[in-house]
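Please read it with the structure open beside you.

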Amino acid sequence: MTETIWLIAAVMAALLSMSWLALAYESHWQQVFPDTGTLPNSSRLKLTGWVFLLLSAVFCLNADHPSMAVLVWVMLLAVAAFSVAMMLSHRPAILKVICPQLFAVRA
Amino acid sequence: MFNSLRMSMGWVHTWMGLVLGFVLMICFFFGALSVFDREIDRWAIPDTRFEPQPMPSFDKVLKPIYQQLRPDPVDLAATERRVIGSLPDPETLKLESLFAYTTHRDPVLLIGGEFAIPNQPIDPADDHQHVHGRATVNPATGELLNDDALKIGSDWFYPMHFSLNFNWMMVGYWIVGLAALVMLAGLVSGVIIHRKIFREFFTFRPWKNLFRSSLDLHNMTGVVALPFHFFFAFTALVIFASNIYLPVTHTTLKPLHEHHEKLEAARTGLPHEPAGVAAPLASVDAMVAEAKRRWSERDMAGEVGFLSMNHLGDENGYVSIYRAGSDRVALVGEGIHFKASTGEVIREEPPRSVVSSIDEFLTGLHLQHFEHWMLRWFYVFGGLLGAICIATGFVLFVEKRKAGHAKTGSQGSRIVDALAVTTVTGMVLAAVGMLVANRLLPADLLGKGHWEQTAFWSVWGLAFLHAVWRSSPVAKARHNPAWREQSLVLGLMSLCAVGLNWLTTGDHLIKTVFTDTYWAVAGVDLSLIVTALIAFFAAAKLRAPVSEQKTDNALSRNKQVNAYD
């Protein structure tokens, strides 16, 4: 049961991480916030994204034996990146929920 | 020949990818299915739909079963051709060694052994002096299962991804090995071509023209799963390197083989030859208990994955017990060897060296014996991403050239497109067609497995003929309607397979998911339904007219096109 909770946390952290790393690109930011007149604070988004990426690795290590955790984490990154890419192309508005005000600057 | 490294890499990426991409599609798709090969076996052989169980008691369950084991008729015939004189009656051949193998996903147990033969070999250097026997056992009842029933997952889809089921002179293995090598070259050249690799992580614009959106998907599926693609191509080569691709032990070092075995036997204390003195067999269950106790002491409590015995009934006989690697990225290991007649421990294998641990990790990550359902599904996802990457590569090749080929009258794009249809929708049709045939053919049909294989190749062959027959619009720079038509048939056949499973076994999804949960069968049925939905969605999308003019204009604007020349 504890293992499942750690894995869910790892999935959430990876999804958040990939979302922030994607939004650090102005083109993707514009897909999500087309009318707000703001631009992304790229360095802050990238830093938060990388921190959450590391967090997801820590959560994977808590869930499994290290040899297994490293595989879960690498594959999780692929799944999370693909999911974020699909959200951006089909339902970009979903990504509005991840605290944009923390990362926006006036255009 | 080329003005830049990127252009030369573009050439390598395009042409090597095209030629071996058809093989790589097979590797990725059937590799993805192999993640759940045992579950597909359960779907295909309804008699084995019960829960997986650990290795049963040897003394009470397995020992009597080995008395029913007989030499394999095919191996018997092959051996007869290599020896002087006729072989004795198979019923009289004596078992000299045996094994039993199971994993955490197997409700059935694979057992086998080697039967000694008295004949001398025609070739004096031939040291293969035995006939194999193999059987599948229901460990709950101790019954031998009908081995005529093809395990479609583990004996057809699984070997398809590494041998193409083309075993003559091991040609299939060599083709797949070459494809894996080309895959590595394709990954390196792909990274060199695409400079904005991180941006491509998240870029997919389905609203753009077909070339542009296919290129997005090709890049994205290539880069997000780059480590997966790299490691699977690399470990595929590692797994077969020592015994197929670089077989030094069977060639250059063969004269030392016998000598090495004797030295190894002296070092480990495991007898190389029988003593020629009859001896009884002590309790194997007691040996298993001792092995488990020792694993627990090493903080590696676990179940038996592999059990073998050598020199049966002889004073020098020994029993080897290996731990199943379900909780690690490993196969079986931590072997403990016992003297068969007394049950005393002869040898406990020491912890692995660094090199051996790396080798175990690399093979273990590919062969995935581990019990981790999320990771297994991630692997399926990775395999399908690889298949999408290659399929979109075919689309790019055709879309970039078909307008030009239409002007010059070349048939190149048409041929590639027909082959692409065959290896994308046609291949999935063949796999689903085999499952449909499995449910339509009677369970007691003699040679049922051969009929299923015939159905597989027939459906694939028909898909190829259909793709070629419908491909003429491509020569006029239009789209091949075979994509849409085969998608429709795939959707219908997938639903048909789910319906037939219900009709012939009574295992419908409400039962297998809710009332009498059995995820192996439910998972296959649900995957078939998802396949049907995707196929119908694709067919609906392909119905929409595509403006060829828009595609051509977009192509001329596209700055990346030159990279694909």
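1. Start with the sheet of chain B. Eight strands make an open sheet, in the order 4-3-2-1-5-6-7-8, with antiparallel pairing. Its edge strands are strand 4 (143–144) and strand 8 of chain B. Each of these pairs on one side only. Keep in mind that this is a predicted model.

2. Strand 1 (residues 95–101) of chain B pairs with strand 5 (residues 304–310) of chain B. The sense is antiparallel, and there are five bridges. Which residue of strand 5 of chain B is the bridge partner of B:Ser97? The partner is B:Asn310.

3. Move on to strand 7 (residues 333–339) of chain B. Six of its seven residues are buried, so strand 7 of chain B is largely enclosed by the rest of the structure. On one pairing, strand 6 (residues 318–323) of chain B runs antiparallel to strand 7 of chain B over five bridges. There, B:Gly333 in strand 7 of chain B is the bridge partner of B:Arg323.

4. Strand 7 of chain B also pairs with strand 8 (residues 345–348) of chain B. These two strands run antiparallel and are joined by three bridges. B:Ile336 stands opposite B:Glu348, a residue of strand 8 of chain B. The two strands form a hairpin, with five residues between them. In the turn, B:Gly343 has a positive phi of about 85 degrees.

5. A helix covers this part of the sheet. Helix 10 (residues 284–297) of chain B lies across strand 5, strand 6, strand 7 and strand 8 of chain B. It runs at about 40 degrees to strand 6 of chain B.

6. Now the helix pairs. Two packed helices are described by the angle between their axes and the distance between the axes. In chain B, helix 1 (residues 5–34) and helix 6 (residues 171–193) pack at an angle of about 145 degrees. Their axes are 8 Å apart. The crossing of helix 1 of chain B past helix 6 of chain B is left-handed.

7. Check the residues of that contact. Helix 1 of chain B contributes, among others, B:Met9, B:Val12, B:Met16 and B:Leu20. Helix 6 of chain B contributes residues including B:Ile175, B:Val182, B:Ala185 and B:Ile193. By class, the contact of helix 1 with helix 6 of chain B has 17 nonpolar, six polar and one charged residues.

8. Chain A has a helix pair of its own to inspect. The axes of helix 3 (residues 42–63) and helix 4 (residues 66–90) of chain A come within 8 Å and cross at roughly 140 degrees. The two helices of chain A are therefore oblique to each other. Helix 3 of chain A passes helix 4 of chain A in a right-handed crossing.

9. What meets what in this chain A pair? A:Ser56, A:Ala57, A:Cys60, A:Leu61 and A:Ala63 of helix 3 meet A:Pro66, A:Ala69, A:Val72, A:Trp73 and A:Leu76 of helix 4. This contact divides into nine nonpolar, one polar and no charged residues.

10. Finish with the interface. 26 residues of chain B contact 21 residues of chain A. On the chain B side, the elements giving two or more residues are helix 7 (210–224), helix 8 (226–245), helix 11 (354–367) and helix 12 (373–408) of chain B. Helix 12 of chain B gives the largest share, seven residues. By class, the side of chain B that touches chain A has 19 nonpolar, three polar and four charged residues.

How values were computed:
Residues are numbered from 1 along each chain as its sequence is written. Chains are lettered from A and ligands numbered from 1 in the order in which they are written. This is a predicted model: local features need pLDDT of at least 70, side-chain atom pairs count only at pLDDT 80 or more; totals for chains, interfaces and linings use all residues. Axes are lines fitted to C-alpha atoms, for helices over the stretch in contact, and angles run from 0 to 180 degrees between N-to-C directions. Helices (H or I, at least four residues) and strands (E, at least two) are DSSP runs, numbered from the N terminus. Angles under 35 degrees count as roughly parallel, over 145 as roughly antiparallel, 65 to 115 as roughly perpendicular and the rest as oblique. A crossing is left-handed if the near helix is turned anticlockwise from the far one by less than a right angle, and right-handed if clockwise. Two residues are in contact if their C-beta atoms, placed from the backbone, lie within 7 Å. Ala, Val, Leu, Ile, Met, Phe, Trp, Tyr, Cys and Pro count as nonpolar, Asp, Glu, Lys and Arg as charged, and the others, Gly among them, as polar. A residue is buried if 20 or more other C-beta atoms lie within 10 Å of its own, exposed if 12 or fewer, and partly exposed in between; C-beta atoms are placed from the backbone. Two strands pair if DSSP finds at least two bridges between them.
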